[in-house]
Amino acid sequence: MIENNHILKVKNLSVDFPVFGGIMQRQIDSVHAVKSVSFKLLKGETLGIVGESGSGKSTLGNAILNVLQLTAPDVKIDGEIYLKMTNDEVDILSLQKSEMKQYRKHIQIIKTLYRQYTRITLKNYWNYKEIV
């Protein structure tokens, strides 16, 4: 359940991708892309997710948007994601693709290319010899 001042609540979200192998292509392992993530977002707040390459940032965002199963139908998603719309609370993970469409316009993921931004910024202030 979401408190009155929160618009998004993520609780104990975990995302695991299966690894298949062998002649019969059975699941032999899984990759833990996101493990036990929890946060609450207040109205008007912006949340930034920072981490190394491959740390699960995009997977976390795609789980919140409920789009992972469109591209990876065998993905295992556990936890809770609630979106508060006016007086209604919506369990995002329980929605089908057609039901989710009306809520996606209220949730946005903005991906940035931090390395390129850093290079551009550094290039404006230091040349290569000064950096090394």
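**Terms and their grounds**

Tutor: In this predicted model, the side chains of D78 and K76 form a salt bridge, with 3.7 Å from N to O.

Student: What makes the contact of D78 and K76 a salt bridge?

Tutor: The cut-off is a Lys or Arg side-chain nitrogen within 4 Å of an Asp or Glu carboxyl oxygen. The N to O distance for D78 and K76 is 3.7 Å, so the pair meets the criterion. By this rule the count is one salt bridge.

Student: Why is D78 called partly exposed?

Tutor: Its relative accessible area is 36%; that value lies between the limits of 20% and 50%, so the term applies. K76, at 47%, is likewise partly exposed.

Student: Why does N66 count as buried?

Tutor: The relative accessibility of N66 is 10%, and buried means under 20%, so N66 qualifies. N66 lies in the loop between α1 (57-64) and α2 (68-71), and its phi is positive, near 60°.

Student: How do you know that β1 and β3 pair?

Tutor: Pairing requires at least two bridges. Seven bridges join strand β1 (residues 6-21) to strand β3 (residues 76-85), so the two strands pair; they run antiparallel. L8 stands opposite L83 in β3.

Notes
Residues are numbered from 1 along each chain as its sequence is written. This is a predicted model: local features need pLDDT of at least 70, side-chain atom pairs count only at pLDDT 80 or more; totals for chains, interfaces and linings use all residues. Side-chain values use heavy atoms; hydrogens and water are left out. Buried means under 20% relative accessible area, exposed over 50%, partly exposed in between (1.4 Å probe, protein chains only). Helices (H or I, at least four residues) and strands (E, at least two) are DSSP runs, numbered from the N terminus.
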